[in-house]
Amino acid sequence: MNALSITGLRKTYGSAAAVDGIDLEIPQGCVFGLLGPNGAGKSTTFKCVLGLIRASAGRVLFAGAPLEASAFERIAYVPERSVLYDWMSVHEHIAYMQSNFVGFDPARARELLAQLGVGDERKKVRALSKGMRTATAVALAFARRIDLLLLDEPTSGLDPVNQRTVLNLMINEAAQGTTVVFSSHQIGQVERAAERIAVMQRGRIVLEGVVDDLKAGRKIVEGILPSDDFSINGFASDARIGRVERNGRILRAYVTEQPEGVAEQMSALGAQGLRVVDLSLEDIFLDAVSPKAATASIVEGV
Ligand code: ATP
């Protein structure tokens, strides 16, 4: 049974759909990365899943059961914007969490706060930097005993060391069976931590799957064109090429089959310095959210 099961989730504001009918199955113990451009619907999805805003349609199941008040004991959510109380100290937040959540471990919270550099727990939240607030919210969430952790841009505003720490916490948490779902614009981080991803665009899921599977069998053939005004239409009409990007004389072709054959053809057409490279998650993301024609599309000047 999946930790989180989302079917036909939709949220409209007036005539606009912020989330436009998404289906997602997230297995237990997995780190799941939700990617998407600004305004794609990631935060709205988190809020609908948790019932913080009412979905217009759809069904959400947590380990096979609809959301009930008692489930919040086993679910933690760190929203995009800090929900800490400005007028309370870090220490008071620890006490607040302890009195509200049975599985909250104050010693673990202090350990995590120290690890993330929030040393002085007497400090009021209003005296913390933006990054320190995020670090505090994340530390408090990770100090709970939970089954599901939903993190909306948990590394935003954190320095590189703390970003790395939070990613490691996510990976370790999942290794112990907790399901971790997080959104991020830092594709390198998603690539490092997530086993599965979904890419949202305009409220829909445009790509989803296991990161290794999404990368398998897809390559980029890169080369240098003989001149700036060289026509690349010949490449764009090749059925093996999904998309062609051109930046000056540099040509990048996203290839779904026979990359060596494509490289040979490019060479025959005069391209030099050809090499076949693996796709990064960033390439996969850009490919998923970039406009596509029915056949190959040419993106100039990227
Ligand atoms: P970002 O990466 O910028 O945080 P996101 O993927 O989290 O973006 P959402 O915040 O979910 O995107 O927003 C999705 C869409 O819904 C946007 O077009 C946004 O303007 C719209 N939207 C969100 N909340 C509301 C609201 N309360 N009223 C009207 N429109 C809203």
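Here is a short briefing, sorted by topic.

Keep in mind that this is a predicted model. A search of the whole structure turns up 16 salt bridges, while the count of disulfides comes to 0.

- Strand β4 (residues 57–62) pairs with β5 in the antiparallel sense, over 2 bridges.
- Within that pairing, leucine 61 stands opposite proline 66 in β5.

**Salt bridges, pair by pair**

- Start with arginine 10 and aspartate 20: they form a salt bridge whose closest N and O atoms are 2.4 Å apart.
- Arginine 10 sits in strand β1 (residues 4–13) and aspartate 20 in strand β2 (residues 16–26), so this pair ties together parts that are 10 residues apart in sequence.
- Arginine 10 is partly exposed, with a relative accessible area of 31%, whereas aspartate 20 counts as buried at 18%.
- Next come lysine 215 and glutamate 191, whose side chains meet in a salt bridge at 2.5 Å, N to O.
- That pair links distant parts of the chain, with lysine 215 in helix α7 (residues 211–215) and glutamate 191 in helix α6 (residues 187–193), 24 residues apart.
- Lysine 215 is partly exposed with a relative accessible area of 25%, and glutamate 191 is partly exposed with 26%.
- Then there's arginine 122, which forms a salt bridge with aspartate 120, the closest N and O atoms being 3.1 Å apart.
- Arginine 122 counts as exposed at 68% relative accessibility, while aspartate 120 is partly exposed at 32%.

**A salt-bridge network and a buried helix**

- Some charged residues join up in a network of salt bridges: Arg218, Glu222, Arg243, Glu245, Arg252, Arg275, Asp283 and Asp287.
- The buried residues of α10 are Leu281, Asp283, Ile284, Phe285, Asp287, Ala288 and Val289.
- Asp283 and Asp287 turn up on both counts: they belong to the salt-bridge network and they are buried in α10.

**Cysteines**

- How many disulfides are there? The count is 0.
- For background, a disulfide is a covalent bond between the sulfur atoms of two cysteines.
- Cysteine 30 is buried, with a relative accessible area of 2%.
- Cysteine 48 is buried too, with a relative accessible area of 6%.

- Tryptophan 87 has its place in the loop between β6 (75–78) and α2 (90–100).
- Is tryptophan 87 buried or exposed? At 54% relative accessibility, tryptophan 87 counts as exposed, because the cut-off for that is over 50%.

Definitions and conventions: Residues are numbered from 1 along each chain as its sequence is written. This is a predicted model: local features need pLDDT of at least 70, side-chain atom pairs count only at pLDDT 80 or more; totals for chains, interfaces and linings use all residues. Side-chain values use heavy atoms; hydrogens and water are left out. Helices (H or I, at least four residues) and strands (E, at least two) are DSSP runs, numbered from the N terminus. Buried means under 20% relative accessible area, exposed over 50%, partly exposed in between (1.4 Å probe, protein chains only). A salt bridge is a side-chain nitrogen of Lys or Arg within 4 Å of a carboxyl oxygen of Asp or Glu. A disulfide is a pair of cysteine sulfur atoms within 2.5 Å. Two strands pair if DSSP finds at least two bridges between them.
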